[in-house]
Amino acid sequence: MNKKMAEKKKIIVIGGGFGGVFAAKSLEKMGRGMVDVELINNNNYFVFQPLLPEVASSSLSSSDAVVPLRQLLTRVQVRQARVMGIDFERKIVIVMQGARMTPVELPYDELVIALGTGVDLDRIPGMSDHALTMKDLTDAHLLRTHAIGCLETADVTSDTLVKDQLLSFVVVGAGFSGVETAAELNDLIGRALRYYHNIKPEEIRMYLIEFAPRILPTFPVELADYATKNLRANGVDVLTGVGTKSAASTGVELSNGRIINSSTVVATIGNGPHPLVEALGLDLHWGRIKTNRFMQVPGQEHVWALGDAALIPLNDDPKEDSADYATQTAQFAVREGYQLAANIVAKLKGQPLKPFAYKSKGSLASLGMSKAVADVYGVKMSGIFAWLLWRGFYLSFLPGIFPKIRVGLNWMINAVMPPNIVQLRMRPPATRYIHFWKGDKVFEPGMLIDGFYTVIEGRFRLTIDNPDTNEHFEKEFGPGEHFGERILLKSHLRTGLVAALEDGLLLFTAQQDFRRFARAFPPLREYFKGYIDKTFGGPDKAFAPGNVEDPSEDEYKPKN
């Protein structure tokens with residue numbers, strides 16, 4: 001038995017998406033007794049990404065879109081860890097794992113890279129700092145929580161400008177994910193409005209923005225036109241032939257100069273190489289690892305790649321045409337997983353490998369409100385029948401019988417139940433970048449003090465007026481300067497107005513985190529005391545930020 005185990009080849013699969021999961025499952029089945037398969041993933045679950053828009057809309061719960069990897073791959077070793085690097089010469093995968101994140105070296109005989117893609121929004125200024133994405137379960141949960149929060153605030157605010165911004169929702173990108181996200185988000189808001197008595201349906205603005213001349217560019221024109229008409233009929237403002245120029249804390253600027261004020265921007269664009277894939281030094285094209293038709297990585301005898309991370313040719317002489325390569329879809333990734341496993345087993349047996357070949361069975365996209373479009377085996381469908389086909393198709397793709405049953409039952413139940421509008425808040429990061437356009441207000445008198453601001457780009461003006469003494473104070477701030485020091489002091493409401501004199505970028509540090517750092521680091525605290533004296537003329541000035549440090553703080557304080 002020990003000798004048999006020793007003769008087994010170690011195969012490591014990196015990535016727990018469609019490609020990685022189906023490759024690992026097929027490898028274990030086809031190579032049983034020959035191979036020892038281990039799958040490494042950051043999370044211990046598989047995410048069924050096509051269902052994320054329905055999680056965001058409360059049509060499904062978070063648990064419906066995930067399956068624990070250990071339940072899905074009962075005969076495969078699953079390791080929850082972060083891959084930090086790969087030494088191709090030594091055939092070693094380096095991972096960080098455990099609470100202490102200690103490095104561990106894992107040897108392999110064959111390596112499968114199935115890391116998928118990353119998100120790169122940096123080419124659009126402000127987008128990476130202000131847009132929500134739809135790549136993972138956390139993204140879907142965050143979008144739902146954020147949208148419900150917008151409704152909660154809009155229902156009670158008396159500021160019409162703020163209300164308009166809160167009730168404007170922008171989805172950038174009108175491919176599969178963008179169309180389905182806009183449709184599902186529109187459904188959630190429409191079903192939830194009956195609980196928000198101060199919001200009228202006509203106050204909701206839902207925008208779907210696409211740079212291409214039409215939405216769903218991979219669909220036939222007639223289906224894309226049907227989808228556009230259906231979305232518009234349900235209140236979605238579809239804007240095509242226009243791109244997104246920039247994003248800020250108050251909305252998006254389009255390439256035609258139009259500015260849409262919005263508190264919610266969802267980006268379904270910007271797919272880029274996974275950070276690890278980019279760092280491996282492999283030959284990339286279009287941000288994907290180049291492979292041969294057998295899914296082997298050229299120059300690396302024992303390395304394979306599949307799924308969204310791989311550029312797999314579909315013929316022997318591929319051109320600079322995406323049609324010559326496997327598409328980045330679930331149905332392709334599943335077939336790639338099967339074929340890659342068969343090729344690895346064939347290699348170990350000394351048998352010939354089989355090139356990957358697959359023709360898409362079609363495309364489906366949900367439009368919400370029990371409508372969809374479908375192009376299956378060349379047959380074009382739209383409406384409720386296409387929607388039922390969409391649900392049946394993706395239900396069949398769910399790995400495992402129990403997830404299929406659970407999702408199917410929940411679909412039936414949620415069709416007649418009201419939406420879940422519980423808002424489970426997530427603590428925002430301690431620091432974050434915030435973009436402002438010229439004229440935007442950072443804060444104004446009477447607002448709660450929430451944090452400290454450092455200027456990265458642009459210029460900002462602070463104005464403080466004391467109506468009791470007629471005192472007036474102004475100061476401009478440029479890169480490297482800061483404002484908001486009052487968070488170290490007792491007062492809890494802003495007394496000044498800060499506005500952007502030009503487009504700018506601020507680094508925001510949350511109040512509690514900044515106060516803890518300043519109090520634990522005496523030189524910083526002393527600096528701000530001196531800064532207040534120098535800038536405002538001392539704490540006794542009527543417009544000064546305050547003069548008493550707040551002792552009430554639930555933080556650790558060293559004993560004397």
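Biologist: What makes up the accessible surface of the protein chain?
Modeller: In this predicted model, the accessible surface comes to about 27,200 Å², and 54% of that belongs to carbon and sulfur atoms.

Biologist: What share of the residues counts as buried?
Modeller: Buried means under 20% relative accessible area, and 50% of the 560 residues count as such.

Biologist: Why are both faces of strand β9 called covered?
Modeller: A residue under 20% relative accessible area is called buried. Glu110 and Val112 on one side of β9 are buried, and so are Leu111 and Ile113 on the other.

Biologist: How do you know that β9 pairs with β1?
Modeller: Pairing needs at least two bridges between the strands. Strand β1, residues 9–14, has four bridges to β9, and the two run parallel. Ile14 stands opposite Ile113 of β9.

Biologist: What makes β22 a partner of β9?
Modeller: The requirement is at least two bridges, and β9 and β22 (residues 303–305) have three, in the parallel sense. Leu111 has Val303 in β22 as its bridge partner.

Biologist: How many helices and strands does the protein chain have?
Modeller: The secondary structure comes to 15 helices and 34 strands.

Note on methods. Residues numbered from 1 in each chain as written. Predicted model: local features only at pLDDT ≥ 70, side-chain atom pairs only at ≥ 80, totals over all residues. Heavy atoms only, no water. Buried < 20%, exposed > 50% of the residue type's maximum accessible area, 1.4 Å probe, protein only. Areas by Shrake-Rupley, 256 points an atom, 1.4 Å probe, with all protein chains shown as cover.
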